[in-house]
Amino acid sequence: MKLEEFNFNLPEELIAQTPLLKRDTSRLLMVDRKNNDYKHKVFSDIIDYFNPGDTLVLNNTRVMPARLYGGKKGTGAAIEVLLLKTKEHNIWECLVKPAKRIKIGSIVSFGDGVMEAECIKVMDDGFRYFRFSYEGIFQERLDELGTMPLPPYIKERLIDKERYQTVYSKEIGSSAAPTAGLHFTEELLKKIKEKGVNIAYLTLHVGLGTFRPVVTENIEDHDMHSEYYTIDEETANIIDETKKRGNKVFSVGTTSTRTLETIARDNNGKIVAASGWTNIFIYPGFEFECVDGLITNFHLPKSSLIMLVSAFYDREKVLELYKIAVDNKYRFFSFGDAMMII
């Protein structure tokens, strides 16, 4: 398929710059695949589309304050370092700006020497491996020195850092939030559970690739980024029992979906306790083996995320729905509104 087939026109003013005051008051475009129908709703209305015995799967990853600003030792040149993934103890793969200033052996100092990072490997496109040195506990130093790695399309300053975390975030390790989950409140989750719906958690640490557009003319040539996931036995059993009963599994976000479908693909359609790295690329033609319903935000043109949504429903219909969302001034991207496809 051609990349241009996933393009659409998005006015810049529809890119949400700040979160709403109350998470679950965002708008919801409710889509029924069977009837090719849609309705304009409020996010808290999703409870009406669950039945007792269904399962809602959430990604409980927590975003690191992964963006660090420091100075190059010896010259004082301003350097920005974005932590992506840890390779081994105190060694991280990072994205650096300006990368041309950082060679093997270059040292970047943060917080007047509270923490330092030595470049030990140079890669293309601004990627570097750093070995970090510091006193005390790494996560405490990161909380002290780092800032939230908001997507580049968000220009406004985020006042409350917790608004770029889900209310159920737990396992720290992401460079970006699983944004479909930002709409949930503790109260809404409680109501869903009281209805008899199972709440299950998995972890997928979101990497920088979530912001990266596909650039190959033929999407099949795209090299998908890899991300670490884990799912425990309790969650696997909940999902397995749900499928056996004939109930539905609802996945919150493309991250949860990629994790579930990775595990199902590797285990003949069954969800089992597992962990590892996934680079699964879901685009039209993909056969879903686990997910029955998808809750997701509105994504960037030509992104792997809109391709996943198109695979779950239909490319042309998804683009029609995106045009409807634009015409009705839905808010797009990380702090934007949501779509639920059943």
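The chain you see above is divided into domain 1 (3-63 + 160-341) and domain 2 (67-147), with bounds that come from an automatic or database domain assignment. This is a predicted model, in which local features need pLDDT of at least 70 and side-chain atom pairs count only at pLDDT 80 or more, while totals for chains, interfaces and linings use all residues. Residues are numbered from 1 along each chain as its sequence is written, and side-chain values use heavy atoms, with hydrogens and water left out.

Taken over C-alpha atoms, the centres of domain 1 and domain 2 are separated by 32 Å. Seven residues from domain 1 and eight residues from domain 2 take part in the contact, where contact means heavy atoms within 4.5 Å. About 590 Å² is buried between domain 1 and domain 2, and carbon and sulfur atoms give 56% of that area. Buried area is the accessible area (1.4 Å probe) that two parts lose on being put together, summed over both. The side of domain 1 that touches domain 2 has three nonpolar, two polar and two charged residues. Here Ala, Val, Leu, Ile, Met, Phe, Trp, Tyr, Cys and Pro count as nonpolar, Asp, Glu, Lys and Arg as charged, and the others, Gly among them, as polar.

Three residue pairs are in polar contact between domain 1 and domain 2, both residues being at pLDDT 80 or more. A polar contact is a pair of N or O atoms within 3.5 Å; within protein, one must be able to donate a hydrogen and the other to accept it, and residues adjacent in sequence count only if both atoms are side-chain atoms.

Now turn to helix α5, residues 304-312. Helices (H or I, at least four residues) and strands (E, at least two) are DSSP runs, numbered from the N terminus. How many residues of α5 are buried? The count is nine of its nine residues, where buried means under 20% relative accessible area, exposed over 50%, and partly exposed in between (1.4 Å probe, protein chains only). These buried residues pack against α4 (253-266), β16, α6 and β17.

Ser310 is buried at 3% relative accessibility; leaving aside its neighbours within four places in sequence, Ser310 is in contact with Phe6, Pro284, Arg315 and Val318. Ala311 is buried too, with a relative accessible area of 13%. Among the contacts of Ala311, beyond its neighbours within four places in sequence, are Ile282, Tyr283 and Pro284.

In helix α6 you will find Val326, which is buried with a relative accessible area of 13%. The C-alpha atoms of Val326 and Leu14 are separated by 7.6 Å, although these residues are 312 residues apart along the chain.

Some backbone details also deserve a look. Most residues other than glycine have a negative phi, and most peptide bonds are trans. Lys97 and Pro98, however, are joined by a cis peptide bond, with omega about -15°. Pro98 sits in the loop between β7 (91-97) and β8 (107-110). Lys302 has a positive phi of about 65° and is found in the loop between β16 (293-297) and α5. Phe333 also has a positive phi, near 75°, and this residue is buried at 5% relative accessibility.

Finally, follow the charged pairs. Side chains of opposite charge can pair when their charged atoms come close. The structure holds 15 salt bridges. One of them joins Lys2 and Glu217 (3.7 Å, N to O). Lys2 lies in the segment before β1 (27-32) and Glu217 in the loop between β12 (198-204) and β13 (227-231), so this pair ties together parts that are 215 residues apart in sequence. Lys2 is partly exposed, at 37% relative accessible area, whereas Glu217 is exposed, at 57%.

Another salt bridge links Glu80 with Arg67, with the closest N and O atoms 2.8 Å apart. Both of these residues are buried.

Notes
A salt bridge is a side-chain nitrogen of Lys or Arg within 4 Å of a carboxyl oxygen of Asp or Glu.
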